[in-house]
Amino acid sequence: MTIERLGGYASPREKEAASARAKLIEYAKFTARTRALIKQMQPAIVYSYDPHAFVASMVGRAGGRSTPLIFHLHELPETASLSWTSLQTWVVKAALTGTKSADAVVFPEKYRARHWLMTAGESRAPIIVPNCPDRNYFTGPADWNETIAMRYRAREVVYVGSVGADNGHLEALRAIAMTDGGIGLLVIGSFRPEFAASFNALARELGVAERISLDGWIAHDEVPAHASRASVGLSLYKPVTKSLEYMGSASNKLFEYAAMGLPVVVPDRESYRDFLGDADWVTYADVEDPGSIARAITSIFADRERYVAMSRAARRAFEEQYNYERVFEPALERIFELSGVTKGSQAPACDRAQRQAPPAS
């Protein structure tokens, strides 16, 4: 496998601040290089990830329609009230129009799939691949009994991911202030300085600053060791966009918590309930109501034996259901089918088109 990177590295904020001309030039170069690679490699299949890669791949196989093309849409872009002066709009519109030409469509969550396919006027059944981690990435501790007992004593709630108001961090902070028994909150993830200032000010105002740790971004490989010392995982998103509303099986942190054997608190919304149901390791809460979040957290610690059972159920769910090897199997079967490759044979070239940071408008 060869990975080819185009353009210089820039943070999402720097990408957003780039001029329209710079974005257009970058995307034009990406599209041209994608087309050149497809022509050069003559791949058995092209697996494109996100609308920018999909549109570039459609252009890349122009004149060579026989090359199978898979469209994997993870983040659900806005499809209404788009500005025609934005490159993002043109790419999203082109991806919607071209969805029917894809040989397979893959989504991490069924409501995201339904929304996109209805907008695209497409009636086919999508492939759903929940955003689960690899089995090998999260190895279990040497002694689960001791680890779970230590976590129960620690009584610390962890939130891993981008930090901001839309992700329920302020409500979680207020919820911690409503709990007793010294429950703490550990936040791991990138944040804007202005949000950190308001978050810390609120913690002081609520009198819980000593129970709060805002650790910021750390390398992904370090997350398991850092987060697994906590007792409960939070995965709280406000439904301010379609992507954040439809997060049931699209949130990687949900499954990473399960892999670490952590009971989890999630939003009480249809996307989550439809996917997780009455799973033993899951507790639902109203993300807009700190009191609801506080009650959910408190209920997890209310009974030691129940906490142990929830922790074991979380790890078991990861091992048996929510790991990448298992959930990607339907997509893998479709790849074999489209490429004409049989399992165990020498596979021909497979081009994976992907942009790490799509240009924003």
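## The open sheet

In this predicted model, six strands, in the order S7-S6-S5-S8-S9-S10, make up an open sheet whose pairing is parallel; strands here are DSSP runs of E with at least two residues, helices are runs of H or I with at least four, and both are numbered from the N terminus. Strand S7 (212-216) and strand S10 (282-285) are the edge strands, each pairing on one side only, where pairing requires that DSSP finds at least two bridges between two strands. From one strand to the next, the twist averages 25°.

Strand S6 (residues 184-188) runs parallel to S7 and is joined to S7 by four bridges, and Leu-185 has Ile-212 in S7 as its bridge partner. Helix H13 (residues 290-301) packs on the sheet, where H13 touches strand S5 (156-160), strand S8 (232-234), strand S9 (264-267) and S10; contact means heavy atoms within 4.5 Å. The direction of H13 makes about 160° with that of S10, angles being taken from 0 to 180 degrees between N-to-C directions, with axes fitted as lines to C-alpha atoms, for helices over the stretch in contact.

## Helices H7 and H8

Helix H7 (residues 169-178) packs with helix H8 (residues 193-206) at an angle of about 15°, their axes lying 10 Å apart. That angle makes H7 roughly parallel to H8, a description used for angles under 35 degrees, while those over 145 count as roughly antiparallel, 65 to 115 as roughly perpendicular and the rest as oblique.

By class, the residues are eight nonpolar, one polar and one charged, with Ala, Val, Leu, Ile, Met, Phe, Trp, Tyr, Cys and Pro counted as nonpolar, Asp, Glu, Lys and Arg as charged, and the others, Gly among them, as polar.

## Helix H3 and its two partners

Helix H2 (residues 20-41) and helix H3 (residues 51-60) have axes that come within 8 Å and cross at roughly 50°, and the two helices are therefore oblique to each other. Their crossing is right-handed. Residues of H2 including Tyr-27, Phe-30 and Ile-38 meet residues of H3, among them Pro-51, Val-55 and Val-59, and the contact has eight nonpolar, five polar and one charged residues.

H3 also packs with helix H4 (residues 87-98), at an angle of about 65° and with the axes 9 Å apart, in a left-handed crossing. Here Pro-51, His-52, Phe-54, Val-55 and Met-58 of H3 touch Gln-88, Val-91, Ala-94, Ala-95 and Gly-98 of H4; seven of these residues are nonpolar, three are polar and none is charged.

## Confidence and conventions

The mean pLDDT of the protein chain is 89, and 94% of its residues reach 70 or more, pLDDT being the predictor's confidence in each residue, from 0 to 100. Over residues 355-361 the pLDDT is below 50, and this stretch has 20 contacts in the model beyond near neighbours in sequence.

Residues are numbered from 1 along each chain as its sequence is written, and side-chain values use heavy atoms, leaving out hydrogens and water. Local features need pLDDT of at least 70 and side-chain atom pairs count only at pLDDT 80 or more, while totals for chains, interfaces and linings use all residues.

How values were computed:
A crossing is left-handed if the near helix is turned anticlockwise from the far one by less than a right angle, and right-handed if clockwise.
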